[in-house]
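This briefing concerns the charged side-chain pairs of one protein model and the helices around them. Please consult the sequence and the structure shown below.

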Amino acid sequence: MKPATTVLSPYLKFGCVSSRLFYSRLKVLYSQVKSYTKPPVSLEGQLLWREFFYTVGYGTPNFDRMVGSPICKQIPWKDDEDLLAAWRDGHTGYPWIDAAMVQLRKWGWMHHLARHAVACFLTRGDMFVHWEKGRDVFDRLLIDDDWSINNGNWLWLSASAFFAQYHRIYSPITFGQKYDPEGKFVKYFLPVLQDIPKQYIYAPWKAPDEVQKNANCIIGKDYPYPIVDHVVANKACRECMAAAYQLNKDATGKPTAEQLDLLKVKFGQSGNFNVIRNSKSSPSVKRQRQSKLTEYK
């Protein structure tokens, strides 16, 4: 449960630690060792990202919104309060996502890769909910919330700006399996899953009825079924993103509201990408095996 990073971000945000002092001390440390991690993934790289988002945020009109921003792609995001609430409250039915969101509510902090995963899930990965909605949740709950960095990262993770490979997604199942195969993080923040065997911890709906009964965790009763079928939902998200990218290209970055509305109609976003609410139906294992998604593992 100990953070794998310095957790200095709140101190930098509030000015308790000087970013210049931090940078100068890093340079001294680097001079004393033979090898060290290089940007962009090093501590120096993270400071550079911080300054980058500060600079872009300062110089970009409407940096904190989609409409009116010269660098933000116009995408027909959904405005679904039910999906947003399930994500915000940790009730999506995907333990990796839910545990991270519960950690955010309890601690006001989560690892940056967990932030990436939950932001991707809410937007272009599964739910296709507007990134501004997720940004507002982070703005309220993060103890290290920083206007430029928060907006910049949501623009990035939603593939609205800075990052354009919208087809590369964070799997809500396999991502957690790689970094925590025992499911300790999930079980800590979601004690209802404490006795679910590790082979089912990231997809508990796959556990046989007897296993669920022995674990005192009946899916659909004690813990929700997945609110979306990841394979189906992500396919729909990627198709809509592709269409939105093409529209932005054809309209030289300035599609009209009417054009975006037409995309919403075309992709049926009055529906919810195969939402599975209060249902005993579970994501198709067969479809998952046949999937050719490009996922960060």
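A salt bridge is a side-chain nitrogen of Lys or Arg within 4 Å of a carboxyl oxygen of Asp or Glu. By this rule the count comes to 10 salt bridges. The model is predicted, so local features need pLDDT of at least 70 and side-chain atom pairs count only at pLDDT 80 or more, while totals for chains, interfaces and linings use all residues. Residues are numbered from 1 along each chain as its sequence is written, and side-chain values use heavy atoms, with hydrogens and water left out.

- Helices (H or I, at least four residues) and strands (E, at least two) are DSSP runs, numbered from the N terminus.
- Buried means under 20% relative accessible area, exposed over 50%, and partly exposed in between (1.4 Å probe, protein chains only).

- Lys27 and Glu44 form a salt bridge through their side chains, with an N to O distance of 3.1 Å.
- Because Lys27 belongs to helix H2 (residues 19-31) and Glu44 to helix H3 (residues 43-59), this pair ties together parts that are 17 residues apart in sequence.
- Lys27 is partly exposed, at 36% relative accessible area, whereas Glu44 is buried, at 11%.

**A bridge between Asp136 and Arg135**

- The side chains of Asp136 and Arg135 meet in a salt bridge of 2.7 Å, N to O.
- Asp136 is partly exposed, with a relative accessibility of 31%, whereas Arg135 is buried, at 10%.

**Helix H12**

- Glu239 and Lys235 form a salt bridge in which the closest N and O atoms are 2.5 Å apart.
- Both residues lie in helix H12 (residues 230-250), four residues apart, which is about one turn of the helix.
- An α-helix has 3.6 residues a turn, so residues three or four places apart point the same way.
- Glu239 is partly exposed at 37% relative accessibility, and Lys235 is partly exposed at 45%.
- The expected span of a helix is 1.5 Å times one less than its number of residues; for the 21 residues of H12 this gives 30 Å, in agreement with the 30 Å between its end C-alpha atoms.
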